[in-house]
Amino acid sequence: MGLWGFFKSVVTAPVKIVKKTAEVVKAVANKAKEVAEAIIKCIEETAELLAELVKPPGIIIGRPEEAIAAAIRLHNIVPSNAYHFGFAGPAKAGKSSLLNSIRGLQNFEDGAAKALNTECTYNVTKYPWKEMENVILVDLPGCGTRQFPSASYFINTGLGAFECIIILVEKTLRADETALAKLSKSINQPVCFVRSKMDQDLRDAVMNEGQYLEGQERSDENIENAIRNQANARHLTKKIKDAFMEEKAKNGLSDIPVFCISATATLLWLFKDPSKIKTVFEEKELLQFMKNQVVQNRSR
Ligand SMILES: Nc1nc2c(ncn2[C@@H]2O[C@H](COP(=O)(O)OP(=O)(O)OP(=O)(O)O)[C@@H](O)[C@H]2O)c(=O)[nH]1
Ligand SMILES: [Mg+2]
């Protein structure tokens, strides 16, 4: 069965999200083989996630009633009616941008969550994922600010009500994020760390640190080639991930996954025009994680 046939068989209502698949596959086919294959895997993972999300939600398994009752009151949501994915973490780590990218929106577009260097998210806001009414992406303010101190962030933002929490992290894992993850774990809530902006890191590594250019002239062409090189993206991802693994282990959080991704350079274009993707990071793994939580933690 071809890719298009595969989509058709697993996705019905939200098919628009992947409706341009035939053109997409053609565009992808023109890219370097390794990147093209990785993009196709991301698209497949998206289709599988969507196929799970079109099913009626059912009940969340294993979450203590009392732990989420207050949070449900706070958000006026009923978890058995919808899947809610919460995007939490420190200020400016890329929460709103990731949410927008998954919705296929650039930060400046109508309907996108505000995500600018100069503008912060101050309220908990729910966004539907495309036309799927039962899938809500929840944009949260940054934690550890004067308005949202870390100690009360989990309770005050009602994080316990959500399907799972995606904690965006900055360059290193800090006490605020580890505390959030521990609270989430304590109520059997799935949680993961996401290190976004990997496109920026790869660009910085090449342009400012001279990495991945060994023995080559620093010409614009060589720099651009190094940024478009999947082996370099893979190498940098491993390096950053290894550092996080160590931090997680020190904090007793080895079981919580970390995904290194680029929201604006990969996920956004995956949902808009995959031919624009330069390299992939761990976007497929993040989508896979979201799917697995829905499969494992719902009684349907
Ligand atoms: N290059 C690049 N820039 C990104 C990425 N994700 C976010 N940014 C930029 O980082 C800045 C902050 O992103 P936001 O999405 O507003 O971060 P936030 O965590 O929602 O911020 P607050 O709501 O204020 O806490 C913006 O200028 C984004 O354009 C990414 O994956 N790649
Ligand atoms: Mg924000």
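Which helices each supply at least two residues of the shell around ligand 1? They are helix H5 (95–102), H8 and helix H11 (263–272); helices (H or I, at least four residues) and strands (E, at least two) are DSSP runs, numbered from the N terminus.

Good morning, colleagues. The model before you is predicted: local features need pLDDT of at least 70, side-chain atom pairs count only at pLDDT 80 or more, and totals for chains, interfaces and linings use all residues. Residues are numbered from 1 along each chain as its sequence is written, while chains are lettered from A and ligands numbered from 1 in the order in which they are written.

Let me continue with the ligand. There are 24 residues around ligand 1, and Ser96, Ser97, Cys120, Thr121 and Gly142 come nearest; a residue is near a molecule or strand if its C-beta atom, placed from the backbone, lies within 6 Å of it. The shell divides into 9 nonpolar, 11 polar and 4 charged residues. Here Ala, Val, Leu, Ile, Met, Phe, Trp, Tyr, Cys and Pro count as nonpolar, Asp, Glu, Lys and Arg as charged, and the others, Gly among them, as polar.

I turn to helix H8 (residues 198–207) and helix H9 (residues 220–227), whose axes come within 9 Å and cross at roughly 145°. Axes are lines fitted to C-alpha atoms, for helices over the stretch in contact, and angles run from 0 to 180 degrees between N-to-C directions. On the H8 side, the contact is made by Leu202, Arg203, Val206 and Met207, and on the H9 side by Ile223, Ala226 and Ile227; two residues are in contact if their C-beta atoms, placed from the backbone, lie within 7 Å. Of the residues in this contact, 6 are nonpolar, none is polar and 1 is charged.

Finally, two backbone details. Lys197, in the loop between strand S6 (191–195) and H8, has a positive phi near 65° in a residue other than glycine. Asn76, likewise not a glycine, has a positive phi of about 55° and is found in the loop between helix H4 (65–75) and strand S2 (83–88).

Is each of these buried or exposed? Lys197 is buried, because 23 other C-beta atoms lie within 10 Å, whereas Asn76 counts as exposed, with 9 C-beta neighbours inside 10 Å. The terms mean 20 or more other C-beta atoms within 10 Å of the residue's own for buried, 12 or fewer for exposed, and partly exposed in between, with C-beta atoms placed from the backbone.
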